[in-house]
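The sequence and structure come first, and the details follow.

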Amino acid sequence: MFCPKCGKETDASGQFCQWCGAPIDAAPPAAVAAPEVDEGPEVGVYAGLGRRFVAFIVDFILIALFGIIVVAFFNQANGIMYLYYLVAAHAPISSLTEAGTPIAALSPIVAAVGLLIIVVPWLYYAGFESSRGQATPGKVLMRLEVTDLEGNRISFARATLRFFGKFISLIIIFIGFIMIGLTKKRQGLHDKIAGCLVLLQD
């Protein structure tokens with residue numbers, strides 16, 4: 001400890017400086033660690049994993065129906081048929097088309113799978129969750145809504161980020177989805193990435 005008057009180092013156990021005799025103030029108490037501050041205000045009741053899973057099943061069925069319609073509309077039904085024969089029937093890829101080349105068969109497969117797995121689900125989720133209703137039909141059925149961390153409606157861009165964040169949750173062995181049941185605000189990894197909450201509607 002240093003004396004506040006003469007500046008020399010002195011014995012911390014004494015009440016007076018051993019050099020100039022000035023009184024030594026007691027050492028200030030150690031700072032107490034502040035409790036961890038939670039991110040964002042409490043904006044409602046957070047939806048649990050079970051209710052969100054039921055909403056997912058409803059949305060999955062609707063997306064599958066929409067996907068079949070879109071694939072048929074864009075004349076990509078051959079891609080589904082080629083994929084079936086390639087995976088289920090183990091047919092040689094060269095035998096699937098009249099051209100007899102892998103590209104002739106792979107192009108419709110990629111287009112059809114892209115529509116079913118990426119394009120239709122993306123437009124479905126991002127469109128509904130950024131709409132005035134803030135929820136997909138499945139979430140409406142379960143009385144859920146998607147918001148930002150302040151409870152406000154999210155933009156299409158944020159809803160898009162949330163959708164593609166689900167692929168990360170999927171890649172890491174569904175851990176990103178399991179987080180919904182483990183975090184305080186019931187956020188999956190994709191919710192945290194996009195800064196979103198899923199709340200029970202009033």
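## The largest pocket

Helix α1 supplies the largest share of the lining of the largest pocket, 10 residues; helices here are DSSP runs of H or I with at least four residues, strands are runs of E with at least two, and both are numbered from the N terminus. The model is predicted, so that local features need pLDDT of at least 70 and side-chain atom pairs count only at pLDDT 80 or more, while totals for chains, interfaces and linings use all residues. Residues are numbered from 1 along each chain as its sequence is written, and side-chain values use heavy atoms, with hydrogens and water left out.

The volume of the largest pocket is about 810 Å³ (a pocket is an open set of points on a 1 Å grid over the protein atoms alone, where a 1.4 Å probe fits, with protein on both sides within 12 Å along at least five of seven lines, and lining residues have an atom within 4 Å of a point). Of its 26 lining residues, F56, F60, Y125, K166 and F177 are the closest to the centre. The elements giving two or more residues to this lining are α1 (49-73), α3 (102-129), α5 (156-171) and α6 (175-178). By class, the lining holds 19 nonpolar, two polar and five charged residues.

## A network of salt bridges

The structure holds four salt bridges, each defined as a side-chain nitrogen of Lys or Arg within 4 Å of a carboxyl oxygen of Asp or Glu. One of them pairs K139 with E129, the closest N and O atoms being 3.1 Å apart; because K139 lies in helix α4 (residues 137-141) and E129 in helix α3, this pair ties together parts that are 10 residues apart in sequence. Both K139 and E129 are buried, meaning under 20% relative accessible area with a 1.4 Å probe and protein chains only.

E129 also meets R162 in a salt bridge at 3.1 Å, N to O, a pair that links helix α3 to helix α5 across 33 residues. R162 in turn forms a salt bridge with D191 at 2.7 Å, and since D191 lies in helix α7 (residues 189-194), this pair ties together parts that are 29 residues apart in sequence. D191 is buried, with a relative accessible area of 0%. Through shared partners, salt bridges join R52, E129, K139, R162 and D191 into one network.

D148, found in strand β1 (residues 144-148), is buried yet has no salt bridge, and the nearest side chain of opposite charge, R158, is 5.3 Å away. The side chain of D148 instead reaches the backbone nitrogen of E150 at 2.9 Å, and one of its polar atoms lies 2.7 Å from the backbone nitrogen of N152.

Definitions and conventions:
Points joined across faces, edges and corners; volume = space filled by probe spheres on them. Nonpolar A, V, L, I, M, F, W, Y, C, P; charged D, E, K, R; others polar. Buried < 20%, exposed > 50% of the residue type's maximum accessible area, 1.4 Å probe, protein only. Lys, Arg positive; Asp, Glu negative; His and termini not counted. Polar contact = N/O pair within 3.5 Å; in protein donor to acceptor, adjacent residues only side chain to side chain.
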